[in-house]
Number of protein chains: 4
Amino acid sequence: MNSFGRRLILSTFGESHGPAIGCLLDGVPAGLEIDEAFIQSELDRRRPGKSPLETGRKEADRVEILSGVFEGKSTGTPIAMVIYNTNQKSRDYENVKKLFRPGHADFTYWQKYGIRDYRGGGRSSARETAARVAGGAVAKLMLRELGIEVEGGIYEIDGIRANRLDFAHARRSRLNALDPEAEMAQEEAVLAAKEAHDSVGGVVLTRAKGVPAGWGEPLYYKLDAILAEAMMGINAAKAVEIGSGCESSRLKGSENNDPITPEGFLSNHSGGILGGISDGDEILVKTWFKPTPSIFREQQSVTTEGESIRFSLKGRHDPCVAIRGTIVCEAMMALVLADMALLNLGRKMEHLHSIYRR
Amino acid sequence: MNSFGRRLILSTFGESHGPAIGCLLDGVPAGLEIDEAFIQSELDRRRPGKSPLETGRKEADRVEILSGVFEGKSTGTPIAMVIYNTNQKSRDYENVKKLFRPGHADFTYWQKYGIRDYRGGGRSSARETAARVAGGAVAKLMLRELGIEVEGGIYEIDGIRANRLDFAHARRSRLNALDPEAEMAQEEAVLAAKEAHDSVGGVVLTRAKGVPAGWGEPLYYKLDAILAEAMMGINAAKAVEIGSGCESSRLKGSENNDPITPEGFLSNHSGGILGGISDGDEILVKTWFKPTPSIFREQQSVTTEGESIRFSLKGRHDPCVAIRGTIVCEAMMALVLADMALLNLGRKMEHLHSIYRR
Amino acid sequence: MNSFGRRLILSTFGESHGPAIGCLLDGVPAGLEIDEAFIQSELDRRRPGKSPLETGRKEADRVEILSGVFEGKSTGTPIAMVIYNTNQKSRDYENVKKLFRPGHADFTYWQKYGIRDYRGGGRSSARETAARVAGGAVAKLMLRELGIEVEGGIYEIDGIRANRLDFAHARRSRLNALDPEAEMAQEEAVLAAKEAHDSVGGVVLTRAKGVPAGWGEPLYYKLDAILAEAMMGINAAKAVEIGSGCESSRLKGSENNDPITPEGFLSNHSGGILGGISDGDEILVKTWFKPTPSIFREQQSVTTEGESIRFSLKGRHDPCVAIRGTIVCEAMMALVLADMALLNLGRKMEHLHSIYRR
Amino acid sequence: MNSFGRRLILSTFGESHGPAIGCLLDGVPAGLEIDEAFIQSELDRRRPGKSPLETGRKEADRVEILSGVFEGKSTGTPIAMVIYNTNQKSRDYENVKKLFRPGHADFTYWQKYGIRDYRGGGRSSARETAARVAGGAVAKLMLRELGIEVEGGIYEIDGIRANRLDFAHARRSRLNALDPEAEMAQEEAVLAAKEAHDSVGGVVLTRAKGVPAGWGEPLYYKLDAILAEAMMGINAAKAVEIGSGCESSRLKGSENNDPITPEGFLSNHSGGILGGISDGDEILVKTWFKPTPSIFREQQSVTTEGESIRFSLKGRHDPCVAIRGTIVCEAMMALVLADMALLNLGRKMEHLHSIYRR
C-alpha cells in the first residue's frame, strides 16, 4: 500500500526524521538514458527554503542512485534512490509528542496503528513527496523520449486566480505562478498569512502536451480516475478537476461537448480525456490544496490520553503547500502517464505482431 | 483493468447491447447474509425509465446470482451476478456506426483498440454501472453489519444548489434531491434542457456514517485518493471534492483546521479524512457530473474515415446523468469502504493476536 | 484471490453444483479472431465421460460468450464465458454433508470459512478447471498468432513412464498418452485401480514450442516460478519440475549446463528457461498429480461435529485425475505464456519507440 | 515485477556489483518488536565464505534499517533495509563481459533487455537473495509471535539422501545437513566436485510447525501454489514438491489419503495442505537445486557478437548452491506464511465483528 502504478511502479519509504527517505522505481524500460543531473534539478525545484514563501527548513535533498542504472542507462531492473535526511530537528517535536495537531494525520495514524513516529509527522510528512519527485523525474525522462512534456503552475492562491496560463513564467517564478499579473497579489496573500501566523490554500494546474490518443485503461484504471487518485493522494489535496471540471457541471451539453474536426477538437472542456482514455488533446488537471494545517496560532485539540488542550505549534512550515506542491503534481502526472504508456502496450494484437514479428 | 479494489474486488463485464452485463465480486467474507431482494431493490433505484427525468429506455435489470452464495449466505468464494440485456435496440445505433459522437468515448476507443462495439457505446455505456450497483449492494450489506450507512443525493443541478441536506428526502425524491426546496427548480432545469434537446450537469453528495477511525492505507491507497478514483471513474464525472473540497482552498488554516475535543471534531471541513485515513467523522464526497453528452441538437464531428460531418443523434438518453448517478456514487463509496475495512485488518499485531489467539 | 495473471487475467467463479461456472478473461488484445468452435473443442477434450478411464458423470460443458467479442473479434474488453451446470446430482452428496473426505478440501474450507458448499466439493471441485480451459483456449488463439504451440500428454501413470514423447499420438489417445508403447500398461493400471475401487496418480508433460527468448519477469514473476504456481495450483498437483527438474540435482554442473552455439543450445536440461526468462528453446514442464482422493474403499475421518467415522464414498469419479488434467496443464501454460508475452512489452525503450513512433 | 506477496510485500533492488542491494518490506503490522540482531544473524547464516564448502568471496552483509521502525517497534510503514556491497571485484568479470556463461541468465537478460550489467550476474546474481533473507527474518519475527517456526536443512546432495530429519542438527552443521549420518558423504561430494572444478546439486527441505488450519487463498493464491512459486523463483531451483510430492503420484489413493481422526491426521502425505489451504499439520516443501552453473572447466558458448567460443571461468563460486540456499528457502517460506496470515484476515464475517466490534 506504499506503491503507486501498475507497470511503472513507484514504492516509497522513509520518515521525515528517520535516517533517510527514498523510492524504488520498478518497470523502467531498459535503455533509457538516466540523466542524474536532471533528477537532482527536479529535487532542487521542490527543495524547501528557497524563498520567504517557503518553510525555513533546509534540506540538501541529494539523491543517490543505488541500482538499476549501468553505464548511464537503465537496465530494466528496479531503480532505487535514497535521500538521506540531514536537517532533522527532532526536538522541535517533543512538544507535539503527546497531542494531535488539528488538520494533521497525527490522530488517524494513532487510531490506525496504535503507535506513531511523532517527529515531523513521520511517514505522513510532506517530506515523503521528495521521493515522488525523484520517481517522477525518471518518468519525465521516459516521456520526453516520446515527445511529451509535463508542466505545472499555480492557478490560484487564497482565491486569487490566474487569468493567463504562462507555464514558461511559472518555471522562473519563485511562486511557480502561471499568471505574472496575479503573481504579486498571490505572493502578498502568502506573506500576509505567514505574518499572521496563519496559512493559505491554493490550486495547481498541471498540463501534459503531446500525449497520443489511446492512453488510459477502461473501466477501472481510467486516465482521469488515476490522475484523480494520484493528485488527491498528495498531502493536503482536497479536490481534483479534469479539464473544465466543476465548471462543466454548469454548462449545457451543447456547450460542453467538444466538437470534433479533422484537425482536432474545437474546444477542450474534456481536459484531453474521453471515456477515461486520452483523446490527443492537452491533458489538464487542477488540484486544490487546503491551507497548511501547521499554523502558529493557538489551537484546540486533545492529548493522546484524551484530555482537552490548547497549544501553539512551533517549528518551520510552508505558509502555502500548493507552491512546492506544484512540482509534486507534475511528478504524479508524469508517473501516471508513463504507467499508462506501458499499460497501453498490447491492447491491440498489432502491437504484439509488431514487437514479436517473426 | 476491469477490476476495482484490492481485497473486495469488483470485476465487471459486458456491453450495452451484448447478451448480458454483470460482475464478479471477490473477497466477500464468508457468513454474510445475502439479501437478494435488497440487491434487486438497489438495481431498481438505478433502473432507467422511472420518470420523465430519465431516459425512456426500459430495462428490467433482473439480477441473477450464479455463485458464491449457499443457503442464503456468502461462502467466501466469488459472487458472480448477471443481468441479461433485454431492451437493446441496436438499430438505433446504425447511424452512429461510422462517426464519433462528441463528448463520448467513441473516438478514444477507436484510437485505442482499432475496433469498437458502436451499439450504445458498447463497453463505455453507462449501462455498465448496473454491475457496479449490484456489487455495491453487497458491499452495503457488509457495511450494515458493521453499523455503517452510505447515502447519496443531488446537491446541485445546472448550478442550482441544495441548501439543506435531507438524505431521507432524497430517498423519496424522483430526482434524488437533497433539498426539498431546491428540488422544484432543479427538476425544471432538467425538463427544460430535455425540451430543448439539450442536457444539464449536476453534483452528487455522498455520505457515510459510522465509519470507525483508522480506515485508509497510506501512502498510495489513501481513503480520499481511492474515493477520488472511484468517483472520477464513473461515466461523465469531471471533478471530485472531499469534505469542504474546493472551498477549503479559500479558507485560512485557522478556519479550515477542525478543532479536536474529547467528544470529537468541532467541524468537518476534512470530510472525515486526515492523512488519507478516516477520523471517525462523517465521510463526505462530492462528485461533479458533466451534462449528458448525448444531445439531440445538431453537432459537429468526424467519421471513422476522418471526414467532417454534421449530424443529430436519435435515441433515448437521460437529460441529466447525475440523477441516476446518485446510486452509482453510493455503490462506489460502499465498495471503497468495504475494501478499506478488509485492508485495515492486520495493520496492528494485535489484530493477528486477536484472530489467531492460541 | 480468484484471479490469475497480471496482464492477461483469468478470474473464475462457480461451484460444482451451483447454477453455473465460468470466467472473465481480461486483457485480451483487441483484434484477435475468437474461434468459438475451437474454445468448445478444448472444453470437449476436458469433458468427463468420454471413456471408461474417466468419471461417468456427463456434462455438456457448453460455453457461452457474454461479452468482449464483436463481429467475431475481441474488442479489448473483458471476455465473459459461462458454462451452465446441467448434470448436478446434489443428492449424491447428502452423505458427505457432515463429514470431511480425506485428501479433499472439505476440512480446510470448513476451517477457513466456517461454511461450505458440500455438494461435490463446491468451489474446490475440479469442475472449476473447465473455466481454466475456456480461458486457456483464448490464450492458445493468441499464442498461435505468434507461432507458438502448447501441447501436453501423459508422461507417467502409476509409475509407468513414457520412453517416447509423441505429442501427436497424445492428441489421438483417450489416455492422452505420449508413448504409444507405454499406453497399454498405463491404461491397465488405471482400470485395475478403478476395479479395486481405488485410484492412481500420474505425471503430465507440457511443452511450448516457438516461444521467443526474453519472456519472464525477474525477479518475482519469473517464467519458471509462475509456471510452477500455475501447475501446483491445479487440483491434486503435488510437484512441478522445469526441464530436467529433479534429475538436474543429481548431475554435475559440467553435465547439466546446456552448451551454447551460434545455432542454439546443444541440450535442454534447463527446459528453455534461464534466470526465469525464456531462452528460445522448448519450454518443458512436468506436473505430478496425486491419485484421486475420491475412492470407494472404506476410509477413516471425522464429522463436522468432530466425531470419528468410517465411511465409503459413493458417486462418480475419475480413477486418475492426470488424464483430464492434461488439458488443464495446457491451458495453464498457455495462460502463463500469453501473460508473459504482454508483460514483456515495454521492457525496452525501443518497444515504446516502435509503438509510439511519431 | 520485483515484488513478492500481496499483503506482506517484499520488493528488492540492487545488483551484485552495484553500490548496494536491499529491500522494502511493506505490510508489516504495527507493534512488532524488530530484533535487529536477529535479522543480522539470519544474514550471517547466509553470508558466504564461512567454510570451504562455500565460495571464498567475503561479504560483511551488514544490514541497515532506513525506515519503518521507531523505538524498536514496527510502525506499520514500509521497512527499508540496505546492504552495501563491499567486496565486489568487478575486474573478475571483464573476461565474461562479452560472452554468455552457460546455465546463467547472461543470454536471456541480453535477449530481454538488450543491455546487461555483466559484473557477477548483476541483478540475476544469487547475491540478491540476501535481501530476501533480510525480509524473511522480519517475517519470521511475525510468525514467532504467532507460535510458528520455520526451519530448513539439506535433504539430499549429489543424490545422497537424508534418512533422518534433524532440524536441530542442521542449525549446527556447516552443510545445514538434516541427517548427521549422511552429512560426511554429502560434504565429500561437495569437496570432490570443487576439487574437480565442477559442482553438484542438492535438495532443501523446509518445514513450518504451528501453522493453523485455514491459511491459503483458493483458487489462485493457494498456499501450495505460492510456495511453489516462491521456491522455484530462487536462483537455480528446478523442481518443487509439496509433502510427499512426486512419491504421491506412485501411490494408490487408499495409500496417499491422510486419514483424519479427532486428534489430527494419521499421516502427512499432503504436506499440511489440502485444496491449497493449510490443514494444521506440518507444512513440508522440498526444493531441488541444479548444480552451480559457474564451473571452472572449459565450456562452450557464444559471444555477444554471436561467435562460438570455448572458455574457462575464473572467480569464486559455491560448489553447491543448495547449502546456502537453505536459508533462502526458509526466508521464502516465512514470507509466504506471513502473507497468508494477513490475507486470511477477513475471510469470515466474524473476523470483522471481532476487530470492529462496536
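Lys112(A) and Glu217(B) form a salt bridge, with their closest N and O atoms 2.7 Å apart. A salt bridge here is a side-chain nitrogen of Lys or Arg within 4 Å of a carboxyl oxygen of Asp or Glu. Lys112(A) belongs to helix 2 (residues 106–113) of chain A, and Glu217(B) to the loop between strand 10 (202–209) and helix 6 (223–232) of chain B, so the pair joins two chains. Helices (H or I, at least four residues) and strands (E, at least two) are DSSP runs, numbered from the N terminus. Over all chains, a search of the whole structure finds 107 salt bridges.

The model is predicted: local features need pLDDT of at least 70, side-chain atom pairs count only at pLDDT 80 or more, and totals for chains, interfaces and linings use all residues. Residues are numbered from 1 along each chain as its sequence is written, chains are lettered from A and ligands numbered from 1 in the order in which they are written, and side-chain values use heavy atoms, with hydrogens and water left out.

The interface of chains A and B was examined next. Chain B gives 100 residues to the contact, and chain A gives 100 residues; contact means heavy atoms within 4.5 Å. The two chains bury about 8000 Å² between them. Buried area is the accessible area (1.4 Å probe) that two parts lose on being put together, summed over both. Carbon and sulfur atoms account for 58% of the area. On the side of chain B, Met1(B), Lys112(B) and Tyr220(B) lose the most area to chain A, together 13% of what that side buries.

Six salt bridges are counted between chain B and chain A. One pairs Arg250(A) with Glu156(B), the closest N and O atoms being 2.7 Å apart. The side of chain B that touches chain A has 42 nonpolar, 35 polar and 23 charged residues. Ala, Val, Leu, Ile, Met, Phe, Trp, Tyr, Cys and Pro count as nonpolar, Asp, Glu, Lys and Arg as charged, and the others, Gly among them, as polar.

Strand pairing also links these chains. Strand 11 (residues 237–242) of chain A and strand 11 (residues 237–242) of chain B pair antiparallel over three bridges. Two strands pair if DSSP finds at least two bridges between them. Glu241(A) stands opposite Ala239(B).

Within chain C, strand 11 (residues 237–242) and strand 16 (residues 283–289) pair antiparallel over five bridges. There Val240(C) stands opposite Thr287(C).

The contact of chain B with chain C takes 36 residues from chain B and 36 residues from chain C. Its buried area is about 2800 Å², with 65% from carbon and sulfur atoms. Leu66(B), Phe70(B) and Ile115(B) supply 22% of the area that chain B buries against chain C, more than any other three residues. Zero salt bridges are found across this interface. Nine residue pairs are in polar contact, both at pLDDT 80 or more. Strand 2 of chain B gives the largest share of the side that touches chain C, five residues. By class, that side has 17 nonpolar, 10 polar and nine charged residues.

Chain D also holds an open sheet of five strands, in the order 1-2-3-7-4, with antiparallel pairing. Strand 1 (3–4) and strand 4 (63–65) of chain D are the edge strands, each pairing on one side only. Two bridges join strand 1 to strand 2 (residues 9–14) of chain D. Ser3(D) has Ser11(D) as its bridge partner.

Helix 1 (residues 36–46) of chain D lies across strand 4 and strand 7 (79–84), running at about 150° to strand 4. Axes are lines fitted to C-alpha atoms, for helices over the stretch in contact, and angles run from 0 to 180 degrees between N-to-C directions. Helix 1 and helix 8 (residues 321–344) of chain D pack at about 145°, their axes 8 Å apart.

Methods. Polar contact = N/O pair within 3.5 Å; in protein donor to acceptor, adjacent residues only side chain to side chain.
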